[in-house]
Amino acid sequence: MSNERIRNLYIPEWYMMSEDLDYIEDWKKYREKRALLESKMCKGGSIYSIVYTYSLIDTTRTFIKELKIKYKQFLRK
């Protein structure tokens, strides 16, 4: 998509992110809980931090992929 088309793209007000970005804080809480759950079986062990960190990374990558897909779908409308 050309830069000109992106600059002239009409984006409805309801589609824009809220100024306070509450959903980002909720997502971070979800990511944290998921990482704690996935690493629970390793708690106290030497690989706990690896499992915990990998879960955070994996959840973040999945979220980014979903955002990219939704953004591409939005631009096709």
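**Overall layout**

I began with the secondary structure and noted three helices and zero strands, where helices (H or I, at least four residues) and strands (E, at least two) are DSSP runs numbered from the N terminus. Along the sequence I read the pattern α-α-α. The model is predicted, so I kept in mind that local features need pLDDT of at least 70 and side-chain atom pairs count only at pLDDT 80 or more, while totals for chains, interfaces and linings use all residues. Residues are numbered from 1 along each chain as its sequence is written, and side-chain values use heavy atoms, with hydrogens and water left out.

I then looked up burial and found that 17% of the 77 residues of the protein count as buried; buried means under 20% relative accessible area, exposed over 50%, and partly exposed in between (1.4 Å probe, protein chains only). For contacts, meaning heavy atoms within 4.5 Å, I noted that residues 24 or more positions apart account for 55% of those with a separation of 6 or more.

**Helix α2**

The 18 residues of α2 should span 26 Å, and the end C-alpha atoms are 26 Å apart, which agrees.

Which residues of α2 are buried? I listed Trp 27, Ala 35 and Ser 39. Seen down the axis of α2, these buried residues fall within an arc of 90 degrees, so they line one face of the helix; the arc is that of the directions from the helix axis to the C-beta atoms. On the face of α2 turned away from the buried side I found the exposed residues Lys 29, Lys 33 and Leu 37. What covers the buried residues of α2 includes α3.

**Salt bridges**

I searched for salt bridges, defined as a side-chain nitrogen of Lys or Arg within 4 Å of a carboxyl oxygen of Asp or Glu, and the count by this rule comes to two. In one of them the side chains of Glu 25 and Lys 28 meet at 4.0 Å, N to O, and these residues both lie in helix α2, three residues apart, about one turn of the helix. I recorded Glu 25 as partly exposed at 42% relative accessibility and Lys 28 as partly exposed at 39%.

The side chains of Glu 38 and Arg 34 also meet in a salt bridge, at 3.0 Å, N to O. Because Glu 38 and Arg 34 are four residues apart in helix α2, they are separated by about one helical turn. Glu 38 is partly exposed, with a relative accessible area of 33%, and Arg 34 is partly exposed as well, at 31%.

**Aromatic pairs**

Searching the whole structure, I found two aromatic pairs. Rings of Phe, Tyr and Trp (its six-membered ring) pair if their centres lie within 6.5 Å, and planes under 30 degrees apart count as stacked, over 60 as edge-to-face and the rest as tilted. Trp 27 and Phe 63 form a stacked pair, 4.6 Å centre to centre with 25 degrees between the planes. This pair links distant parts of the chain, with Trp 27 in helix α2 (residues 22–39) and Phe 63 in helix α3 (residues 48–76), 36 residues apart. Both Trp 27 and Phe 63 are buried.

The rings of Tyr 48 and Tyr 52 have their centres 6.0 Å apart and their planes at 20 degrees, so this pair is stacked. Tyr 48 and Tyr 52 are four residues apart in helix α3 and therefore separated by about one helical turn.

The buried residues of α3 include Ser 55, Leu 56, Phe 74 and Leu 75.

Leaving out residues up to four places away in sequence, Thr 59 touches Trp 27, Tyr 30, Arg 31 and Arg 34. On the same exclusion, Tyr 52 touches Glu 32, Ala 35, Leu 36 and Ser 39, and Tyr 52 is buried, at 17% relative accessible area.

Finally, which residues make up the largest nonpolar core? By nonpolar core I mean a set of buried Ala, Val, Leu, Ile, Met, Phe, Trp, Tyr and Cys residues joined through side-chain atoms within 4.5 Å. The largest one has five residues in all, namely Ala 35, Cys 42, Tyr 48, Tyr 52 and Leu 56, and its largest share, three residues, comes from α3.

Definitions and conventions
The expected span of a helix is 1.5 Å times one less than its number of residues.
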